[in-house]
Amino acid sequence: MMTRNATRAARSMIWLVGPRYFSASTTASAAVAAEATSKLKLITDAYGGNLRSLAALVVFPEGGVRNASTLALKDVDEKKVEDKTGSAGGTASGNGEKGVLTSYWGVAPKKVTKGDGTEWSWDCFMPWETYKSDTTIDLKKHHVPATLLDKMAYWTVKVLRWPTDIFFQKRYGCRAMMLETVAAVPGMVGGMLLHCKSLRRFEHSGGWIKALLEEAENERMHLMTFMEVSKPRWYERALVFAVQGVFFNAYFLAYIVSPKLAHRVVGYLEEEAIHSYTEFLKELDEGNIENVPAPAIAVDYWQLPPGSTLRDVVMVVRADEAHHRDVNHFASDIHYQGRELREARAPVGYH
């Protein structure tokens with residue numbers, strides 16, 4: 001019985017590797033035949049000598065071929081994949097921890113370097129996405145609410161600020177970290193809806209999809225930065241789930257009903273963010289908050305000079321918020337003039 005099963009298993013193995021190595025169009029060399037024999041032994045060992053499992057290849061040839069190609073032959077090709085990915089290098093996370101990930105698909109990350117030739121430490125953004133923030137921007141600009149929708153947007157933001165002040169008080173590091181989890185939502189929602197609109201209407205967006213997604217990514221980088229300064233407590237994480245869920249859906253509906261209102265709300269939210277970061281700077285200057293060294297991620301993202309501190313980070317983040325204020329008020333003004341965003345070139349790269 002064992003001899004019969006072994007014979008059947010051997011036949012199945014010949015059937016499995018035969019078409020590849022012993023085709024009519026190509027005469028197999030001695031080296032190829034030896035490789036086939038080696039793979040046959042590996043497959044046999046992979047099944048642990050279980051002849052019943054090997055015999056199943058004859059009954060279910062398609063399943064057997066698929067399993068053998070992705071599992072049993074894995075050990076044979078694994079070293080080649082490791083060599084391929086290892087030579088390119090890779091990072092396991094955004095904080096620069098190195099690790100090599102093998103992949104059946106052979107999609108290996110490319111080695112990225114800084115301008116001075118040193119290795120790039122981050123996966124969450126690339127060197128060409130970094131910039132020097134324009135901190136000379138006018139921080140006092142304000143859109144005076146004139147229409148009904150403007151007043152609705154303005155007072156909505158003022159009402160939302162009240163519970164925020166009560167909850168965070170003067171914990172500005174934690175406040176910044178938590179609010180950035182919400183601030184990154186509008187750009188993503190607006191960009192997503194404009195993307196779908198562009199697909200439905202077979203038309204360009206004027207660059208506004210990219211501009212809004214760029215805003216969302218910038219706000220997310222604010223969060224990644226302040227995570228290095230302040231760690232959220234368990235109840236603050238739970239609060240993020242609730243607030244983000246409510247705000248995402250509310251803003252989604254508002255943007256569908258009235259984009260001019262949605263962008264105006266964000267414009268006023270950014271004005272409040274400027275005020276909050278200004279208060280943050282006052283606390284740093286008065287010594288109530290320790291002016292610790294700037295996180296490494298902030299130094300690379302905003303191209304800050306060596307020796308930069310938390311105060312420098314807050315300065316560039318505040319400038320970012322001022323730019324987002326301008327973009328969203330501008331977008332709202334376009335809609336108020338009865339035009340669509342695509343009719344005005346988007347301020348892509350406006351930092």
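Here is a chat about how the terms used for this predicted model follow from its values.

Colleague: What should I keep in mind about the ground rules?

Modeller: The model is predicted, with local features needing pLDDT of at least 70 and side-chain atom pairs counted only at pLDDT 80 or more, while totals for chains, interfaces and linings use all residues. Residues are numbered from 1 along each chain as its sequence is written, and side-chain values use heavy atoms, leaving out hydrogens and water.

Colleague: How many helices and strands does the chain have?

Modeller: There are 13 helices and zero strands. Helices here are DSSP runs of H or I with at least four residues, strands are E runs of at least two, and numbering starts at the N terminus. Along the sequence that reads α-α-α-α-α-α-α-α-α-α-α-α-α.

Colleague: What makes H8 and H10 oblique to each other?

Modeller: The axes of H8 (residues 185-201) and H10 (residues 234-257) come within 10 Å and cross at roughly 40°. Axes are lines fitted to C-alpha atoms, for helices over the stretch in contact, and angles run from 0 to 180 degrees between N-to-C directions. Angles under 35 degrees count as roughly parallel, over 145 as roughly antiparallel, 65 to 115 as roughly perpendicular, and the rest as oblique. Roughly 40° falls in that remainder, so H8 and H10 are oblique.

Colleague: Which hand does the crossing of H8 and H10 have?

Modeller: Right-handed. That word applies if the near helix is turned clockwise from the far one by less than a right angle; anticlockwise makes a crossing left-handed.

Colleague: Which residues of H8 and H10 meet?

Modeller: On the H8 side, Val185, Pro186, Val189, Gly190, Met192, Leu193 and Leu194; on the H10 side, Gln244, Phe247, Phe248, Tyr251, Phe252, Tyr255 and Ile256. They divide into twelve nonpolar, two polar and no charged. Ala, Val, Leu, Ile, Met, Phe, Trp, Tyr, Cys and Pro count as nonpolar, Asp, Glu, Lys and Arg as charged, and the others, Gly among them, as polar. Contact itself means heavy atoms within 4.5 Å.

Colleague: Why are H7 and H11 called roughly antiparallel?

Modeller: H7 (residues 172-183) and H11 pack at about 155°, with axes 10 Å apart. The cut-off is over 145 degrees, so H7 and H11 are roughly antiparallel. Their crossing is left-handed. Tyr172, Gly173, Arg175, Ala176 and Glu180 of H7 make the contact with Ser276, Tyr277, Glu279, Phe280 and Glu283 of H11. By class, that gives four nonpolar, two polar and four charged residues.

Colleague: How do you know that H11 and H13 are roughly antiparallel?

Modeller: The angle is about 160°, with the axes 8 Å apart. That passes the same test of over 145 degrees, and therefore H11 and H13 are roughly antiparallel. H11 passes H13 in a left-handed crossing, and the contact divides into 16 nonpolar, eight polar and ten charged residues.

Colleague: Staying with H11, what makes Leu269 partly exposed?

Modeller: Leu269 lies in H11 (residues 259-285) and has a relative accessible area of 27%. Buried means under 20%, exposed over 50%, and partly exposed in between (1.4 Å probe, protein chains only). With 27%, Leu269 is therefore partly exposed. Not counting residues up to four places away in sequence, Leu269 touches Val157 and Phe247.

Colleague: Why does Phe202 count as exposed?

Modeller: Phe202, in the loop between H8 and H9 (208-226), has 78% relative accessibility. The cut-off is over 50%, so Phe202 counts as exposed. Phe202 also has a positive phi of about 55° although it is not a glycine. Most residues other than glycine have a negative phi.

Colleague: And what is Gln303 called, exposed or partly exposed?

Modeller: Gln303 sits in the loop between H12 (296-301) and H13 (310-336). Its relative accessible area is 34%, so Gln303 is partly exposed. Gln303 has a positive phi of about 55° too, and is not a glycine.

Colleague: What share of the chain is buried?

Modeller: Buried residues make up 38% of the 351 residues.
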